[in-house]
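Please keep the sequence and the structure in view while reading.

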Amino acid sequence: MRSIASAHGSEATLLEAARAGDLGAFDALVTDHRRALHLHCYRMLGSYHDAEEATQETMLRAWRRLDLFEGRAPLRHWLYRIATTTCLNMITARNRVPAGLSDVPYLTPYPDQLLDQLPSVDADPAAVAERRESVALAFVAALQSLPATQRATLILRDVLGWPAAEVAELLDTTVAAVNSSLQRARATLPSPGGRRSLDERDREVAERFMTCWHRCDFEALAALLREDAILRMPPERAEFRGRTAIIDFFATVPADGHLDHIRLQLTRANGGPAVAAWMRDETGEPSPFGLMALTVDDGRIATITGFPDPALFAVFGLPG
């Protein structure tokens with residue numbers, strides 16, 4: 001926020017002006033927090049589109065309630081409180097908690113280019129890597145299976161590093177209850193660690209995947225998959241488990257097995273490789289179809305999560 005604050009005045013000056021009704025001052029006050037808040041909402045909700053809605057609602061509530069900000073804690077923490085409450089309300093409105101990874105129909109990927117826009121609050125490379133690992137697609141999907149308060153507790157404590165007392169105050173509960181909720185959440189979920197950010201080896205695997213795809217080389221595609229690989233396609237609940245089942249699907253369903261009719265392009269999502277897919281329309285021209293997020297483990301593809309959603313192309317900055 002320092003760069004904007006230096007142009008418009010100190011945070012205190014901006015806060016005073018915003019409280020007096022200056023919307024421009026409010027925007028300058030919160031602009032450096034928007035991306036981190038958006039990512040927090042994405043972890044809570046598992047959907048880029050829902051995170052957009054939650055972030056906008058957070059900004060609106062913050063603007064309307066700015067007179068309630070007392071300055072006892074950093075503005076960033078106050079905004080996180082509003083965002084968390086907003087997400088909890090949205091989760092409650094959904095009326096149900098997914099039973100497992102294949103039961104998260106609203107799951108969408110998160111563009112790495114937006115992760116690159118996060119402010120460098122910690123220059124430690126290990127901390128930056130950990131922050132990226134906490135947005136890995138499998139971790140975000142698994143979060144959705146937790147009850148809302150457990151989800152918020154785990155994210156606030158393990159991802160954001162909030163003290164138990166502060167989480168207890170936000171959730172209107174006790175420190176003992178927060179610690180108990182955190183233990184249950186940790187027992188249910190894998191650690192957010194263990195997932196590397198996109199490296200050259202992952203990129204090479206993704207590029208070989210695209211080459212084999214465009215050549216309709218199903219044998220080579222199979223060699224890129226782990227034997228126990230899994231293909232998921234939210235919002236569909238069907239899963240294809242195992243190399244053979246996945247290759248049978250690729251050989252018969254997408255474009256009736258004519259994979260050369262589907263153009264792929266490398267991109268990045270949730271800290272890992274992804275490919276965008278264009279399908280030929282009735283005129284023969286490529287039309288946006290969806291994305292496939294890949295999880296690479298020891299040089300082979302462990303999971304493919306397909307998102308047949310052309311709206312994601314604008315989110316990822318891809319040509320439509």
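Are Trp213 and Phe250 buried or exposed? Both Trp213 and Phe250 are buried in this predicted model. For Phe250 the relative accessibility is 2%, and because the cut-off for buried is under 20%, Phe250 counts as buried. Phe209, at 0% relative accessibility, counts as buried too.

These residues also meet ring to ring. A pair of aromatic rings is described by the distance of the centres and the angle of the planes. Pairs are counted where the ring centres lie within 6.5 Å, and the count for this model comes to 11 aromatic pairs. One of them joins Phe209 and Phe250, with 6.4 Å from centre to centre and 70° between the planes, an edge-to-face arrangement. Phe209 belongs to helix α13 (residues 200-214) and Phe250 to helix α15 (residues 243-252), so this pair ties together parts that are 41 residues apart in sequence.

Phe250 has an edge-to-face pair with Trp213 as well, at 5.1 Å centre to centre and 70° between the planes. Since Trp213 lies in helix α13 and Phe250 in helix α15, the pair ties together parts that are 37 residues apart in sequence. Phe209, Trp213 and Phe250 are among the members of one aromatic cluster, which also includes Phe240 and Phe249.

Elsewhere, arginine side chains sit over aromatic rings. Arg94 lies over the face of Tyr106, 3.7 Å from the ring centre. The ring of Trp278 has the charged end of Arg263 over it, at 4.3 Å from the centre of that ring.

Conventions:
Residues are numbered from 1 along each chain as its sequence is written. This is a predicted model: local features need pLDDT of at least 70, side-chain atom pairs count only at pLDDT 80 or more; totals for chains, interfaces and linings use all residues. Side-chain values use heavy atoms; hydrogens and water are left out. Rings of Phe, Tyr and Trp (its six-membered ring) pair if their centres lie within 6.5 Å; planes under 30 degrees apart count as stacked, over 60 as edge-to-face and the rest as tilted. Helices (H or I, at least four residues) and strands (E, at least two) are DSSP runs, numbered from the N terminus. Buried means under 20% relative accessible area, exposed over 50%, partly exposed in between (1.4 Å probe, protein chains only). A charge sits over a ring if NZ of Lys or CZ of Arg is within 6 Å of the ring centre and within 35 degrees of the ring normal.
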